[in-house]
Amino acid sequence: MPHRKTGTSVKPVSTSTRRRKGLRVGAFAAIGLFGAGCAQNAPQDTWDPAGENAQKIHDLQWPVFAIAGVVGVIVLAVIAFAVFKFRDRGQPIPEQTHGKPKLEIALTILPALILIGVAVPTVGTLMALNETNDTECVVNVTGQQWWWEFDYPVQDGCGGIDSPIITSGQMVIPADTNVLIRGTSRDVIHSFWIPRLNGKRDMVPGRIHTLRMQANEPGIYAGQCAEFCGLSHANMRMEVAALNDADFEAWKANQLADYESPTDELALRGEQTFITNCSRCHQVNGLTDAEGELVVSRPDLQVYSGAAPNLTNLMTRNTFAGATWDLIDPQRRAEVWEATPEEFGDLYLEGVTSSTLNSVDLREWLRNSPQKKPMYAEPGRLEQTDGLVRGMPYLALSEDQIDELIAYLLERK
Amino acid sequence: MFTTGSKTLIGATTFAVIAAIAYGIAQDGVRGTVGLVSAAVALGTLAALNATLRDSNVFVDDPTPVETTAAAQRRAGASAWPLGFAFGAVTIVVGLVTYQPVFVIGVAIVLAAGAEWAVQAWAERASDDPKWNAAVRGRLTHALEFPLAGAISAGVIVFAFSRVMLWLASKTNTTVAFSALATIVLIVGFTFASRRGAKAGAIGGVLAIGGIAILAVGTAAGLDGEREIPVFETTSLWMQEANEHPEEYAEGAEKGKHPEGFICESPEKFPEADKKASQTVSLKANVVTIVLTPEGGLAFDVPGATEENPAGITIPRSNPTNFIFKNEFNDDRRLSVDFGIDDDGFREMECTPLVEETGSQVLTLTVSRPSFAAQGVDNGTTDDAGDYWFFVPGVDTAKLRLLVP
């Protein structure tokens, strides 16, 4: 194909075609612009900080976004102007020039100055976020495919904890308190992220990474794993429930209360079903068998990563299966999520009741967990993990057994 | 009829087909066989294309390509390098679906054969005199070929002999074998050196026989496997021995082979485990530091500022946690942790080797049972009979609770 020499011309494109193309482009751009602002329910909105550290990040990202936005608009506008003004209308190809040192130097120095201006507060914010000396409460966070475990070590902080507390899926913290999270992982790298409270922190196996977190007022805050960790990475979620001091003390006391065997007949049968089918992996603290011996789970013998969620006080939480599904029905969920800070504590501490239980998802989960959430738990997938499961396997429970288990689990609070 | 390039590809295709059949029969693996068959199909297609396009040296519609192409003006000499190149290519493909070392060997063969082939083809065009061409080639490549060939041959011989050494029944036998071989080499070398008229062919023949013999014996020994090599006795092994063979263990103590009692409860030095333990360690990951203070207490520090209760350390269940034990006491001591009685009725403890004053040791713990389920833990107090406990044998005041939720 011959090159077009300077001075030759080609037939111009018709005006109506250009206009139609322009209208199409404009329509798409408008749809995109308006569509981007339509999110109504965005619990993981980083633009809506609810804690001190998230506020620091927010205070940084707004001006940087503004600067980047202005620069972006200018650049796009200049490009659009050049594309439109100098579009091919059959005119000769302009003379090709090379090298404008002054312009090039200016266009190097100016962005460098802008970036230096952005870097200074960025570094300052990073260093501020790394500070953990002012924390008053410690929570150990352990990521595992595909759920989060939270344990509260024996400490003077958090109002004093004399015996470890363990839970999963939902981390409960005292509001308006700097919490130190010591995070690690049992298998692959995960990343802990509650957008409204803080930035991300990788949870790396064999390492302990610290993170400071604080919620300004009581409420519930959503998060999810932010480092691809396998099949159900998208289903590895968590929530943070912040309670005022009194409610937090009440929560702690409840978590450490002694185990009480159920009195209801169905729940009693459920206790036996739990011991037979679930206790190999799931621990319920204080549960004893018929001989009065403590039932101690050994998930290290069943699960590739070595642990399974502790279900001691399952119904004090609102979620299950890696916080992927709610234990409470949609109406109750709306009440909890939309509660004011003053109302939240009482609603949360009420836990899950038989009238607010989301039995649909819980039943499906108990019926066939691998079908509900992608996991490496089917027999055909266990070759690479020496027969150990990643996730909850299919237990072949009957509907009666599921009824019994639900009755039993409802009393776990 | 076939051009040089298409001959290479036809050879590679043939090898790929043979490898696919052999792998499919030997390994019964679908994925590997599919991979090799795919490679054979791809190589065959390329071979057909190349044969049709006459190595892309001539136009497809040229009526006399063989006579007029530059490649046809001078016939290439006989060479094994294309064969080696094709073999290397197939080895690469086989390595992709089997073991990585095979892949690496394939790459090495391809590079070496490719380079040799290119140099030979270049040398054959240098002049019309084959002898001069060979000399030119030699001048370029001999400086690299001979040392490399020597190094590879020596490496193969040494590796083969090492398999023999590892296969022999005991260390004493290996000493005898090594001495015998060295003696044979000395005698043969002396014999040849002392004979003025020794022919190069004879020397080469003897060396070749010797090399092949070592290679054959080494291969057989490698396939048969190594002898059982005794394991270095760690503190965990001592605990296991005491639990699983209590009579023999007690007998050993009576005979003075080692101190009495469990190693993790003893402040005395045990053979092997406590001998020459490194007193400085470094860990990159955040660790829990436990210090035996000069006053005989146990203090600890965990990552991140904490308000933790000094009464205990809490670690996650079923997750390895690293502890560095620093001894600031005025005597050699070890850090032990008592897990009580396990499901088999054995006393379960772990400990570091003996640590000198100002020394450090690492202890990595993975605890699968929650501490509230601990049974039979002897923490020397009447309080909190459950839970796990760190302690230092010989220092009664050094106790620290370990909690696992």
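In strand β7 of chain B, B:Thr364 turns up as the bridge partner of B:Asn322. That pair belongs to a longer run in this predicted model: β4 (residues 321–327) and β7 of chain B go antiparallel, with 6 bridges joining them. Zooming out, β4 and β7 are part of an open sheet of 4 strands in chain B, laid out as β2-β1-β4-β7 with mixed pairing. The edges go to β2 (298–301) and β7 (360–365), and since each has a single partner strand, one side of each is left without a neighbour in the sheet. On average, neighbouring strands here are turned by 25° against each other, ignoring direction.

Over in chain A, strand β3 (residues 165–168) is covered on both faces. A:Ile165 and A:Thr167 are buried on one side, and A:Ile166 and A:Ser168 are buried on the other. Its partner β2 (residues 147–152) of chain A pairs with β3 in the antiparallel sense, over 4 bridges. Within β3, A:Ile166 is the residue that A:Asp151 stands opposite.

Helix α10 (residues 399–409) of chain A has its share of buried residues too: A:Ile402, A:Glu404, A:Leu405, A:Ala407, A:Tyr408 and A:Leu409. The cover over these buried residues includes two other helices of chain A, α5 (265–277) and α8 (359–367).

As for confidence, the pLDDT of chain A averages 90, and 93% of its residues score at least 70. Residues 1–8 of chain A are another matter, with pLDDT below 50. Beyond near neighbours in sequence, that stretch has 3 contacts in the model.

Note on methods: Residues are numbered from 1 along each chain as its sequence is written. Chains are lettered from A and ligands numbered from 1 in the order in which they are written. This is a predicted model: local features need pLDDT of at least 70, side-chain atom pairs count only at pLDDT 80 or more; totals for chains, interfaces and linings use all residues. A residue is buried if 20 or more other C-beta atoms lie within 10 Å of its own, exposed if 12 or fewer, and partly exposed in between; C-beta atoms are placed from the backbone. Two residues are in contact if their C-beta atoms, placed from the backbone, lie within 7 Å. pLDDT is the predictor's confidence in each residue, from 0 to 100. Two strands pair if DSSP finds at least two bridges between them. Axes are lines fitted to C-alpha atoms, for helices over the stretch in contact, and angles run from 0 to 180 degrees between N-to-C directions.
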